[in-house]
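Hi,

Here's the structure I promised to pass on. Have a look, and my notes on it follow below.

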Amino acid sequence: MATPGALRAPSPTPSAHSIVSAVEPQHVLVLYASETGNAQDIAERIARAFRAAHRRAVCVSMDEYDVVDLPHEPLLILVTSTHGRGDPPPAMRGLWGKLIRKGLPEDILDDVHYALFGLGDSSYERYCFAGKMLVRRMHSLGAHALCEPGWGDERAPDGVEQTFVPWLKQALDTFVPYLPGPSAPALPWNALPDPIYALDPVPADPADDLAKLSLNGSSSSQVPDVYAPKGWKMATLTKNERVTASGWFQDVRELDLELDGHESYPPGSVCAIHPRCSAEEVDTFLEMNDLQAEADRPIVIRSTIPDQPLPPHLPRGPTTLRILLTYHLDLRCPPRKSLFEWLGRFSNDEREEERLEEFIADPDEIHDYATRPKRTIVETLADFRATKMPLAYILEALPPLRRRQFSIASDSDAHPGEIQLLVALVEYKTNLSIPRRGLCSSWFSTMPEGTRIPYEILPPTLELPDKGTPVILVGPGTGVAPMRAFLEARVAQGAAQGELDSIDLYFKEDWEKHRAEGAHVRIAPSRDRPEKVYVQHLLREDAARLNDWIVRRRGHIYVCGSSNAMPREVREALAWAISIEGSGTMTPEESASYVETMFDDGRGGEESW
Ligand SMILES: Cc1cc2nc3c(=O)[nH]c(=O)nc-3n(C[C@H](O)[C@H](O)[C@H](O)COP(=O)(O)O)c2cc1C
């Protein structure tokens, strides 16, 4: 471990520590980047642990942080997950872009002393890659690591907890002595800390947007525009049509959105949609916690921690508890360990406390009770009825409601002012024997035309090459959505000659039309046939064409769909096709390495879920 250049070694009397640098540490800054909430939960647990040790901690999402302040942060903890194919989560991209700028002085972070905890899944090829890149870059800019990075693996037998618990202990032991504060022992885990948010009452002004809302008890699916998340736009649903036959097991919908502004977007873009919790679930939550009387009182949220801005998911202006529970907080996701810890702090019931302690002590218990059966937070609270959530802690205890992302199935030139989506409604039976729908799926399943939807367009991870370069688009099932957008754009470019697209059954008329326009379209009828034909089989049949387009003409291949075996088998089929066993001249080893290099160099792209 690097010896901290600017830090004075801790003395045996911790209160006397100080930093020999331009900046005296007053707090530890916990900077996090999270997409589905896990890294944010870990970051908040770190900050709480420092506060329990009587030290100040400020916890900020990377996209809310001004990177010019970074060189002046003496004590820093970074927490990030990894997404895509080893990419940083969107919240880290701005900060990362600035950190990798050329010409930054090699010692610009010399005053920074840091630790990092990365989250990932070791079944991915680029395990915890965003965290690893960040550690390398911090080091090359002169920052000093105070302890070894921790890597939290979702696949580990005890999940992320396995490494997080020992890493947190080490981080506390290392950082605490450098921070001002009493040498008193840390508070026990079940001591209730001071709330980090204040809910200040605001006088109801009949002219403001809040008073105009009639959300009280309403089951309306309308999202009032005023509650669109910061920076998001609004669209109106113009079509919500089932495209699978009524007897088919899966309910797949075409959803068309008319955009308020005539925004254009490149093919391959992704539409993020902000869902909402149902009015029934919100009412159940309010009733279980005896909070009905508080539900519609206008309030403004204020951070009680100096220098800590509100996290991105909380509204800045007037709001109500009901609006928070409907649009900002998630009552539907399975509870994490931190929720059981909160309930343990709130509980006065001996029997429930005992059960909560079992959960907190053993990650397997949480896995079996909550994660595996996908038990929701509301259902969990119903099992702990004697334990009530006090109003002051709700914003800390409940996770943020996360946006859901869908590949856009339309090209914006072919469908100006519109976004078309192809969405499989997720319904599953858990071992609780209750048929379940995902949060967005529940909302979409009953969403009437005319519903207002907050959306955001995210840039594509795959981009079309120039018109002369062949592109192979492989999209089984709903993976066909972005392929339709790509193909529409290529047809418009006049470049649809000899394209290959292996598709399933959605947008059937479009494929016929594009075939007539010159695209080489192939359909893999993998369903309802005694002998299943998958996209991988079609690629092998098209070996000569693949060899010509990929090897001779240096074409691109994009694959989108379920992440089971399909993406790997597509790569294997391609490698076979361009090897001596198919239609090429390479040995099997050479062709396999050729395909991997294509994907590393961006001539191959993959989007899977
Ligand atoms: C679409 C997707 C892609 C992912 N890609 C990777 C990856 O390339 N490497 C990795 O280590 N983990 C990967 N993960 C796992 C996440 O890092 C892990 O689920 C993490 O807990 C998410 O944290 P967050 O909720 O804070 O975003 C991926 C997860 C998803 C959903």
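First, a term: a residue is buried if 20 or more other C-beta atoms lie within 10 Å of its own, exposed if 12 or fewer, and partly exposed in between, with C-beta atoms placed from the backbone. By that count Asp307 is exposed, because it has 11 C-beta neighbours inside 10 Å.

Bear in mind that this is a predicted model, where local features need pLDDT of at least 70, side-chain atom pairs count only at pLDDT 80 or more, and totals for chains, interfaces and linings use all residues. Numbering runs from 1 along each chain as its sequence is written. Helices (H or I, at least four residues) and strands (E, at least two) are DSSP runs, numbered from the N terminus.

Most residues other than glycine have a negative phi. Asp307, in the loop between β11 (299–303) and α7 (321–328), has a positive one near 70°. His54 is not a glycine either, and its phi is positive at about 65°; this residue sits in the loop between α1 and β2 (57–61). His54 counts as partly exposed, because 16 other C-beta atoms lie within 10 Å.

The ligand

The ligand is surrounded by 23 residues (near means a C-beta atom, placed from the backbone, within 6 Å). Ser34, Thr36, Ala39, Ser81 and Gly120 are the closest. The elements giving two or more residues to this shell are α1 (38–52) and β4 (113–120).

Cores

A nonpolar core here is a set of buried Ala, Val, Leu, Ile, Met, Phe, Trp, Tyr and Cys residues joined through C-beta atoms within 7 Å. The largest has 55 residues, and Val30, Ile46, Ile77, Val79 and Tyr114 touch the most other members. Its largest share, seven residues, comes from α1. A second, separate core of 52 residues includes Leu255, Ile453, Val535 and Met598.

For contacts, the cut-off is C-beta atoms, placed from the backbone, within 7 Å. Leaving out residues up to four places away in sequence, Tyr114 touches Leu76, Ile77, Leu78, Met138, Ala143, Ala145 and Leu146.

Helix α17

In α17 (residues 543–552), Leu546, Asn547, Trp549 and Ile550 are buried. The buried residues of α17 pack against β17 (471–475), α16 (535–541), β20 (556–561) and α18 (566–577).

Cheers

Definitions and conventions
Two residues are in contact if their C-beta atoms, placed from the backbone, lie within 7 Å.
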